[in-house]
Amino acid sequence: MGMCTQHYQALYKAFCTLTISSLVSLLLIVSNIAGVVGGFQDAVHITAILGESVVFNCQVEFPGDQQVPYVLTWEKKGLEIPVYIWYDGYPTHSGEGFEDRVSRVSPDSPYGLASLNLTNIRESDQGWYECKVVFLNRIPYNKNGTWFHLDVHAPPRFIVIPEDLIYVNLGDAIILTCQAEGTPTPEILWYKDANPVEISATIGIFNDGTELRIANIRHEDIGDYTCLARNGEGQTSHTARVIIAGSAVIMLPPTNQTRSEGEKVQFTCEAKAQPGNVTVRWTRENTPVKEIPALETRVIIRRDGALVINPVSADDSGQYQCEVTNGIGEPQSAFAYLSVEYPAKVTFTPTIQYLPFRLAGVVQCYIKANPPLQYVTWTKDKRLLEPYQTKDIVIMNNGSLLFTRVNQNHQGRYTCTPYNAQGTQGSSGQMEVLVRKPPVFTAEPEPLYQRKLGETVEMHCDAQEAEGTQKPNIQWQRQDGQPLQRNRVRITGGNITIESLRRSDFGYYQCVVSNEVATIVQSTQLVIEGTQPHAPYNITGNATEFSVTLQWLPGYSGGPDYKQDYTIWYKEPGVGDWSTIPVTPPGSTQVTINRLSPGTTYDFQVVGKNSLGDGMLSKIVTIRTLGAKPGMPRNLTVTEISNGFVISWQAPLERANLVQYYVIKYRTDGAWKDLNKGTIRAEETSYLVKNLVGGRTYHFRVLAHSVKSYESSEEVKFPVPARVKHKAITAGVVGGILFFIVAIILSVCAVKICNKRKRRKQEKAYNMVACRITDARNGGQPPGISQVPLKKPQYRRTKGEEYGSHC
């Protein structure tokens, strides 16, 4: 007691010098010293309406009815800082979220001095509050405050509502969702055209009334649906109109058109939809026409969706796409091709062209024509050139001149004139054709370079230009078109160096030398030894009903010192994991895979292996075995019902008579597993499952099995709502509570039975004593001949007992 007195005297002195900023921290210490007296059992329960005000009535009981200095704090359970602090002579403190909403009542009010006024009630204000009064120069009484519980009631308000207009097609399924919050928890009711919704096989209300589900919509399901949320504080409603809708449909699509350059063209694109807010979008080669610079000043999209180009030019030829949508369903598209015709014309005339002496060369005539080019006439030195009558000269399909072996006589001034069905727009300008010697290799790469893995290779190449021509440019490239690894490749002059060789460096390389006269190429092969095998290629296969025989050509084995064996990988496309079988005898490039299902498609790959490890997989080859198998199960769906989930499907359209039974496969993150324990008969097309885990996404497939094979449906993904887990938890909690209640009842019954047995034993002992006393009073004679009978004790008759006791 003395220690507590010293604590409070020190605190009282400290308050005299405190600032309000440190007052809060000190009061937390004071609260811990004072402790929480009383408890929730003494709490005052208050109910308030959202937005209104409330007064927590708290009295101050002074020690000895003598007023002394005190600090008033109001705390809300769950908050570290008090919501209100008052100390005479100091500014008051209001907690976060309570600013300008809490105040101490006036001393003249009928409420206690410690009463708190809370205004503009919020839903977050609901909870437990404690009024604490701390006397700074006194040891606190056992009771220094009061507990209050504030219930905040609020009328319903919607947090999720369906759209005002919902467009559907007959046979569709929709879910209308209305979620509301308020205190007490609102009740959700559904009406159709002002009448309560009637539950049927296709219409149901789920999830505590928040979801109205309509499956297989019919004409009679069309109308106004109203969800009404109500509680004791009020009600609110929202109405959604469900109407038959249709996505935009192109009624008059565009058609292919041909126009002459300079004319006008118009493509129609008329569409109908419900609702009718149709948007039309035109593109050419996937680019919006409004974004094509050459078209933007000549193109118009009319209100009826038509595209107008005026005038058309030669570059406008191409495919135009009309896409319509009204926001419902998938957009619909239609295509049309515009062909702009014009006389053949020369688009570009180079002033000088070169021909390589004693090599093949081409003199280009750059032509554009629609309709297609028919022929080209050439002149040389202002005289008509007859290529068909000239040795070593051929006119190519594009109108250019091909010289199979160039000589000095081919030098001169040339012109070309193209023609098509619409004629010509004229001849090209004069082109000076000069015959010059091409560049020649002065250093050629070796035909073959063999290096080990990790080594460096340097391949040499150099060339010299002819007199009067430009210095040639030397470049290296891979023959397969793959890019060079610049971080490991260095080109100096005409030489290429590749460091830290890898298996991927294996292949053919080309040294390309070019200048204005000609381009010459020299190839070489780079072989990397000491690597895993390269991928086999040219894989072919022959199928029977139950097997497939594969053949292939071996990839590079990794070097002459390495032998490679092969492994076959195979599986059904999109189903399960790969299966593997080794090829025997080792090194064979042919194998037969047996025990396959008839009429089934399989993917195959071949991989080589040497002593260094597995090589690269070959390209996938798809082969189908012979024979018939069931068709594919159709329209796989997963539907939630009150007691679980129904997986349903339709029988195959093709070869349904071959189906013997169904198996349902599922997976979440891992491998496929069987869902059903036993087989599902061929005439059944649905299955009920109850134990899906909430919050997970499941993938399902249905396999239709015949005697020897099976066919799989398409894969369906179904996310299970998280609330399913909550339902399971709630069911567990309710079950636990019920079990606890039953256990209490059984315990009470057991206690009563034990007490009853104990009372019977006590009564029996009492009767035995009474019998002995009676014998003594009768002089030891039997009770049957007693002259003064002893009065029998009276007992309440119970089932199975007689009055008194029998000794």
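C58 lies in the loop between β2 (54-56) and β3 (70-76), whereas C131 belongs to strand β8 (residues 127-135), so the bond ties together parts that are 73 residues apart in sequence. The S to S distance between C58 and C131 is 2.0 Å. Buried means under 20% relative accessible area. C58, at 1% relative accessibility, therefore counts as buried. C131 is also buried, with a relative accessible area of 0%. The model is predicted, and the values reported here are computed from it.

The count of disulfides comes to 5. Among them is the link of C365 to C416, with an S to S distance of 1.9 Å. The torsion about its S-S bond is 80°, and the link is right-handed. C365 is placed in the loop between β30 (361-363) and β31 (366-370), and C416 in strand β36 (residues 412-419), so parts 51 residues apart in sequence are tied together. Both cysteines, C365 and C416, are buried.

Another disulfide joins C461 to C511, with 1.9 Å from S to S. This link of C461 and C511 is left-handed, with -80° about the S-S bond. C461 sits in the loop between β40 (457-459) and β41 (462-464). C511 sits in strand β45 (residues 507-514), and the pair therefore ties together parts that are 50 residues apart in sequence. Both C461 and C511 are buried.

Aromatic pairs were examined next. A pair of aromatic rings is described by the distance of the centres and the angle of the planes. The count of aromatic pairs comes to 26. In one of them, F267 and W282, the ring centres are 6.2 Å apart and the planes stand at 35°, so the pair is tilted. F267 lies in strand β21 (residues 265-267) and W282 in strand β23 (residues 279-284), so the pair ties together parts that are 15 residues apart in sequence. F267 is buried, at 0% relative accessibility. W282 is buried as well, at 2% relative accessibility.

The rings of F348 and Y366 have their centres 5.3 Å apart and their planes at 65°, so this pair is edge-to-face. F348 counts as partly exposed, at 47% relative accessibility. Y366 is likewise partly exposed, at 33%.

Ring pairs also link F56, W74, Y129 and F148 into a cluster. Charged side chains sit over rings elsewhere. The charged end of R104 lies over the ring of W86, 4.0 Å from its centre. The charged end of K345 lies over the ring of Y342, at 5.2 Å from its centre.

Strand β21, which holds F267, also takes part in an open sheet of 3 strands. The order is β21-β26-β25, and the pairing is antiparallel. β21 and β25 (299-301) stand at the edges, each with a single partner strand, so one side of each is left without a neighbour in the sheet. The twist averages 15° from one strand to the next. β25 and strand β26 (residues 307-309) run antiparallel and are joined by 3 bridges. Across this pairing, I301 stands opposite L307 in β26.

E270 was considered separately. This residue is in strand β22 (residues 270-274). At 37% relative accessibility, E270 counts as partly exposed. The C-alpha atoms of E270 and I250 are separated by 5.7 Å, although the two residues are 20 residues apart along the chain. Beyond its neighbours within four places in sequence, E270 is in contact with V249, I250, M251, L252 and D304.

Notes:
Residues numbered from 1 in each chain as written. Predicted model: local features only at pLDDT ≥ 70, side-chain atom pairs only at ≥ 80, totals over all residues. Heavy atoms only, no water. Disulfide = S-S within 2.5 Å. Helix = DSSP H or I, 4+ residues; strand = E, 2+ residues; numbered from the N terminus. Buried < 20%, exposed > 50% of the residue type's maximum accessible area, 1.4 Å probe, protein only. Contact = heavy atoms within 4.5 Å. Phe/Tyr/Trp six-rings, centres within 6.5 Å; stacked < 30°, edge-to-face > 60°. Lys NZ or Arg CZ within 6 Å of the ring centre and 35° of its normal. Pairing = 2+ DSSP bridges. Axes fitted to C-alpha atoms, helices over the stretch in contact; angles between N-to-C directions.
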